[in-house]
Amino acid sequence: MTPAPPLPRWADVFVLPLINLTVALLVCGLIVLALGENPIVAIQVMIKGAFVYPGSLGYTLYYTTNFIFTGLAVAVAAQAMMFNIGGEGQAYIGGLGAGLVALWLAPMAPVVLVIPLAVLAAALFGAVWGLVPGYLQAYRGSHIVITTIMFNFIASAIMVWLLAGTLMQPGQQSPHTAQFAAAGQMPKLHDMLNALSFNVAASPLNLSFLLALAALFGFWVLIWKTRIGYEIRAVGQNPKAAHYAGINVPMVIVFALAVSGACAGLMATNEILGVQHRVVLNFTSGYGFAGIAIALMGRNHPVGIFFASLLFGALYQGGAELDFEFQSITREIVLLIQGMIVLFSGALAYMFSAPLARLLARLTVRPKPAAGEA
Amino acid sequence: MQVDQSNAAPAIELIDIRKSFGPVRANRDVSLRVEAGSIHGIVGENGAGKSTLMNILYGHYLADSGEMHVAGQRVSLRSSADAIGLGIGMVHQHFMLVSNMTVLENVMLGSEGGPLLAAGRRDTLATLRRLADDYGMEVDADAVIADLPVGTRQRVEIIKAIKGGARILILDEPTGVLTPGEADQLFEVLKALKRDGVTVLLITHKLDEIMAITDAVSVMRHGEIVGHRRTAETSPAELARLMVGRDVLLSVDRGQAQPSDILLEVSGLACTSSRGRQVLSDISFDVRSGEIFGIAGVSGNGQTELLEVIAGMRSFEAGSVRLLGETITPDAPKTPAQIRDMRIAHIPEDRHQFGLILSFDASGNAILGYHQSDEYGSGYFLDEAAVTTHCNKLMSAHDVRPDNPALLAKKFSGGNQQKLVIARETDTNPKILIVGQPTRGVDVGAIEFIHKQLLALRDAGCAILLVSAELDEIIGLSDRIMVMNDGRQMGILDSADAGRDRLGTMMAGIADTGVAAS
Amino acid sequence: MSDFAFQFLLTLDATLRVATPLILCAMAGIFSERSGIIDISLEGKLLMGAFVAATIASLSGSVWLGAICAILSCVILALIHGFACITHRGNQVVSGLAINMLASGLTVTVGIALFRQGGQTPPLGNTERFRPVEWWFVDAFDAVPVLGPVYRELISNHNILVYVALIMVPVTALLLYKTRFGLRLRAVGEVPEAVDSAGVSVTWLRYRAVILTGLFCGLAGAYLSTAQGAGFVREMSAGKGYIALAAVIFGNWRPVPVLLACLLFGFLEAASARLQGVDIPLIGEAPTQLMLALPYIMTVLLLAGFVGRSSPPSAIGEPYQK
């Protein structure tokens, strides 16, 4: 077989991801069919659940917020060609940071002081939990994937120890902290909108969503508009050339992982400051890992990450609806969809690349010779 | 020379072999006839398609079209296993050895003699003994590859290739990493194999090796075979002409150098590699403003490391480097960024690995290393318009084609990529320029352009340190020449005194006492 | 026999039980990783194996059929991993993650659809489980001091999979160091080009390695749900696949050191379970969370070169392209 012609950029950016996503969803549909349910009906139920019912959009965007943060965490590291699969642990530790500030400061300070500080603490704690594996990779040569996996478990052990010990709410038996005072609670968007006399259904959607949008923009600026962003991309694309160019490669790796961890840590602002209002066990519940699917689907680009997060937010919210409508399928099917997406958009991302390129080459007229060959 | 003149079928016959990698046509209509029992050379510049052709012959790549005959039989090779089955063995340019396994394990790999290793081990030991007796290829079967010197590793590779009684042996650039002594030993082995009727295909870009050992030679250029010659009936000059398609300019008209102040001074430099090998020992020289100081030597004799130390990319153990009056020692190192800030530019040996980020566009590459400069942004931010303007300027001044700053670096031809690197590094009007292999893999037209640029810089007062594996380039451009061998300097000559023969002896590791004063 | 000694003996006994899935998974990991393929999907395969074993055992009443199907399911997952990483040269970490997610999603979804018990299988009866095997003369030896209890608790009275796991260690070592397959496997994880140029198919070799990985993981999964436990519970692998991966790294990809790492990690878990809430003289309350986190901490320290030196297969993680 002759090698396939190169894929046009538009096809690589739009068509291929769409094909991968479609195949992933098709396979999931077949599984639903095998379980004796109608996948088309299931999708209708999920769409209704995600967008149509009152307040459902708020829920969808609330989940979207989590995914934006963890997706960004993976994407920032990926720009430096580092695979951070420690988003789970970084978000968990970020929650600790946010929780500590909210617990201690909220009873005695106003919300405009507590919330910014708690957000900062979440980012900072997450950054530290990302920075250490980054340091170990850059300066000690430890494989970042393995180290971040280990750090997820270490974070989990620390949190169990703290939540079932020092930080446990006095007089309680379940492992979580006391509830934050009102000043430690992220304002809900529906409250704010209602105050402006818009009538919006209640949902957990809170200010963190706007923070997430800002983070997306910040990511774009950082990576494509700044000198350090240039350095991050240079290190990612060719670390030897980066070293030649006078870039401090290990420092850049550590920096990228710190930013990455900070993004993951910010996820806690949505979950802990926005909704739970206390630090609870396992509040990250897989969002960190889902961030990998988000970044893969979104091709490490802010626009892609936003839409991938929206899709996943809709799946999570719509998936909850399945429990009411069906006997055999539940919201857990979302995990399956997520796995299929990671498989087809990630590991098998280029399976359809060559066939698609051949198809396009056959459909289009003979292309002009590539530039630069002359 | 004993060329087999019998009418027996040729050991190998290739007819119209074609092979493309995407848009790159690596082999075009290659036809080749190799007499049985001869040593046949294939020469050509880097990138001429020699390795691709040999990999097709060894079943590693499948040709897109064409016929292949081995010992008169038409064959189709789908894998290396097919080639091995036909009695073809290959010694690759990059050794195919597992460094944490023993010699014995490496030799056994692929012909273990059964599902359990015990039986095959005895047979392989016997083979090793036989080869040691027949060809003097002694190796310690239980030695771990990582502990062996390069020459011995190559011996293991040859043993692997011929252990099963290969009748055809392909060697891809076998002497690139060898000392002259090791190369001589290799040639003795090849001659002994030839006496036993083995056909040897020797791929190289070194003409002296072709003249010394082959019976016949084929020349490749741009993926095509441009000539077949009997070695006895040709000359290095003719082969060189065929290789490059024109008479090699053995002396560029470079005018008289006007050297003045010493800008770069290296004294007593010593450096070990990360694996603990001594790669530089006691190197001392200086380069003046307005001169080109050339470093000659077989690739891999410390030149790469020397350039990296001076550019701040590699730490060193002893000695000092004095740049524009500032001294760098192991205890007081400077980073590549600090050195570049002193207006010291560096054109690295390997533009794909170091000089460029192939997945960035041209404008991204135009500021590589200078991206912190105030010219291309303010504060933490880059100014895209300024970067593009800069890239446009470089492209028109240095004739980079196509002049599209948004085109990815990997889409440019080798010559234009190199021109972009040179443009970037010379645009700042550097006081010192460190250059490695400026014309490697660059087409002829660009070579001349690059040479003229270097000379113009010299005449403008830049101190240029030039490393090249092409002896002619060194002789043609340099005002003084230092020869390196095994990390040591073999002497420094004025270019007027430096003939090919004299430099060749020094490159082989024989020190020259006629050191020129600086 | 003193009470402390007896408690210690029981802890060792528990260690063996806890370490069994780790050993099987870690040997599985050795095959894949030695061939050059990172396998973080040990976790997912373990989970899938556990689910299939319990489900089939519950539906068919045969524990053996359950184990066979567990192996088959894990081999299928391993083949997906191989298809992505070997055939399509995809990112091995991403592929592994995908398989972990698929296993999480599939086990729960199918479990709920089949049994309507929130993702669990019904409790398994005696014929649907691997029961402890009592060795000969256990009662007779009881009277012998020290050796008697050791024989009864530590050596006898385990289910067959515990012994299988222990036997698999020398089997892995022999396969790796004394056979043609092992020689090629070790070579392909270091320099795949060398294997290719020796006329051996890199692809087929790596596929065989991942198939072996699936086989061992299937056994480990069957052990979790039909030997150690009496049925499948959601997410019952609970990170054991990752601990096994840590053990592979900690044991430097060599069977016997990896076994020791598994036993050490197993001991930490068994001991922390016993010491939960116990006050230790001088230390105070036993730091059980620390003990549970120790395998991860130790692996991080080893990888960072603070203790010992890690030497992974040099071609690991890199797809092979001619």
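Colleague: How many residues does the contact take from chain C and from chain A?

Modeller: Bear in mind that this is a predicted model. In it, the contact takes 40 residues from chain C and 39 residues from chain A.

Colleague: And how much area do chain C and chain A bury between them?

Modeller: The two chains bury about 3500 Å² between them, and 81% of that lies on carbon and sulfur atoms. On the side of chain C, the residues that lose the most area to chain A are C:Met101, C:Thr109 and C:Gln289, which together make up 17% of what that side buries.

Colleague: What about charges, how many salt bridges are there between chain C and chain A?

Modeller: The count is 1 salt bridge, and it joins the side chains of C:Arg234 and A:Glu332, with 3.3 Å from N to O. Polar contacts across this interface come to 5 residue pairs, with both residues at pLDDT 80 or more.

Colleague: Which helix of chain C gives the most to the side that touches chain A?

Modeller: The elements of chain C that give two or more residues to that side are helix 3 (63-87), helix 4 (92-115), helix 11 (240-250) and helix 13 (288-303). Helix 4 gives the most, with 15 residues. By class, the residues on this side of chain C are 27 nonpolar, 11 polar and 2 charged.

Colleague: Changing topic, how much space lies in the second largest pocket?

Modeller: About 1500 Å³ lies in that pocket, and of the 48 residues that line it, the closest to its centre are A:Phe153, A:Phe289, C:Glu235, C:Ala238 and C:Gly239. Helix 6 of chain A (residues 144-163) gives the most to this lining, with 6 residues, and by class the lining has 25 nonpolar, 15 polar and 8 charged residues.

Colleague: Which residues line the second largest cavity?

Modeller: That cavity holds about 40 Å³, and it is lined by A:Pro17, A:Asn20, A:Leu296, A:Met297, A:Arg299, A:Ser345 and A:Ala349. Helix 1 (9-34) and helix 12 (287-297) of chain A are the elements that give two or more residues to this lining.

Technical notes: Residues are numbered from 1 along each chain as its sequence is written. Chains are lettered from A and ligands numbered from 1 in the order in which they are written. This is a predicted model: local features need pLDDT of at least 70, side-chain atom pairs count only at pLDDT 80 or more; totals for chains, interfaces and linings use all residues. Side-chain values use heavy atoms; hydrogens and water are left out. On a 1 Å grid over the protein atoms alone, a cavity is a set of points where a 1.4 Å probe fits but cannot get out, and a pocket is an open set with protein on both sides within 12 Å along at least five of seven lines; lining residues have an atom within 4 Å of a point. Grid points are joined across faces, edges and corners, and a volume is the space filled by probe spheres set on the points. Helices (H or I, at least four residues) and strands (E, at least two) are DSSP runs, numbered from the N terminus. Ala, Val, Leu, Ile, Met, Phe, Trp, Tyr, Cys and Pro count as nonpolar, Asp, Glu, Lys and Arg as charged, and the others, Gly among them, as polar. Contact means heavy atoms within 4.5 Å. Buried area is the accessible area (1.4 Å probe) that two parts lose on being put together, summed over both. A salt bridge is a side-chain nitrogen of Lys or Arg within 4 Å of a carboxyl oxygen of Asp or Glu. A polar contact is a pair of N or O atoms within 3.5 Å; within protein, one must be able to donate a hydrogen and the other to accept it, and residues adjacent in sequence count only if both atoms are side-chain atoms.
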